Amino acid sequence: MNESRFTYFPIIVIVTLLLLLLSAWVQWFFFIFEFDEHELTVKKGIFNKNQLHIPFERIQTITRTIPFYYQPFHVVRMQIDTSGQGKPDVIFDALTIKQANLIEQKRRVAQNSIQKEFETIETTKLQYQVTTKELIVYTLTSLGGLGGVVVLFTIWS
């Protein structure tokens, strides 16, 4: 009886490893990401398909880690967070260093362009002049002057 357990043990270990490899391959096969100049798009899922669009300017933190078992393959684990609540929106396992650098570069370019737009808006003098006609139309259509009318009517009566 004891000898039969030891004969089945290697078979059980091999089947378990094959199932784990099959599961990892299926997850990898159904995880697709692409990016352009403005956003990162992630598509994942087998039965429940999810599609996530992340504009580069909304990315708050990018965390890059390289576990010791990733080092021989020259890949990284990258976590992208847009909300700042601690839970990453997207986790890339085994992302090449070139792809990780490209994503970070796209984020920097988007952040710098937003900052430049903000600076030009601040330096440009924004001015809007209200005409008398617009002021009269606003006064007649808003309910803000209703209190003054009630006060005048009370005084008059």
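A pocket is taken here as an open set of grid points where a 1.4 Å probe fits, with protein on both sides within 12 Å along at least five of seven lines, and its lining residues have an atom within 4 Å of a point. The structure examined is a predicted model. Rolling a probe the size of a water molecule over the atoms shows where empty space is left.

The largest pocket has a volume of about 590 Å³. Its lining comprises 20 residues, and those nearest the centre of the pocket are Gln27, Trp28, Phe31, Ile91 and Asp93. Helix α1 (2-29) and the strands β1 (31-35) and β6 (90-96) each supply at least two residues of this lining. The greatest contribution is that of β6, with 6 residues. Sorted by class, the lining of the largest pocket holds 14 nonpolar, 3 polar and 3 charged residues.

Strands of a sheet pair through backbone hydrogen bonds, either parallel or antiparallel. Strand β2 (residues 39-44) runs antiparallel to β3 and is joined to β3 by 6 bridges. Within this arrangement, glutamate 39 stands opposite proline 55 of β3.

Another open sheet is formed by 3 strands in the order β4-β5-β6, and the pairing is antiparallel. Here the edge strands are β4 (61-65) and β6, each of which pairs on one side only. The twist from one strand to the next averages 20°. Between β5 (residues 75-81) and β6, which run antiparallel, there are 5 bridges. The bridge partner of methionine 78 is phenylalanine 92 in β6. Strand β6 is thus an edge strand of this sheet and also the element that gives the most to the lining of the largest pocket.

Lysine 106 was considered separately. This residue is placed in helix α2 (residues 97-123). Because the relative accessible area of lysine 106 is 17%, and buried means under 20%, lysine 106 is classed as buried. With its neighbours within four places in sequence left aside, lysine 106 is in contact with Phe35, Asp36, Glu37 and Phe56.

Terms used: Residues numbered from 1 in each chain as written. Predicted model: local features only at pLDDT ≥ 70, side-chain atom pairs only at ≥ 80, totals over all residues. Heavy atoms only, no water. 1 Å grid on protein atoms, 1.4 Å probe; cavity = no way out; pocket = protein on both sides within 12 Å on 5 of 7 lines; lining within 4 Å. Points joined across faces, edges and corners; volume = space filled by probe spheres on them. Helix = DSSP H or I, 4+ residues; strand = E, 2+ residues; numbered from the N terminus. Nonpolar A, V, L, I, M, F, W, Y, C, P; charged D, E, K, R; others polar. Buried < 20%, exposed > 50% of the residue type's maximum accessible area, 1.4 Å probe, protein only. Contact = heavy atoms within 4.5 Å. Pairing = 2+ DSSP bridges. Axes fitted to C-alpha atoms, helices over the stretch in contact; angles between N-to-C directions.
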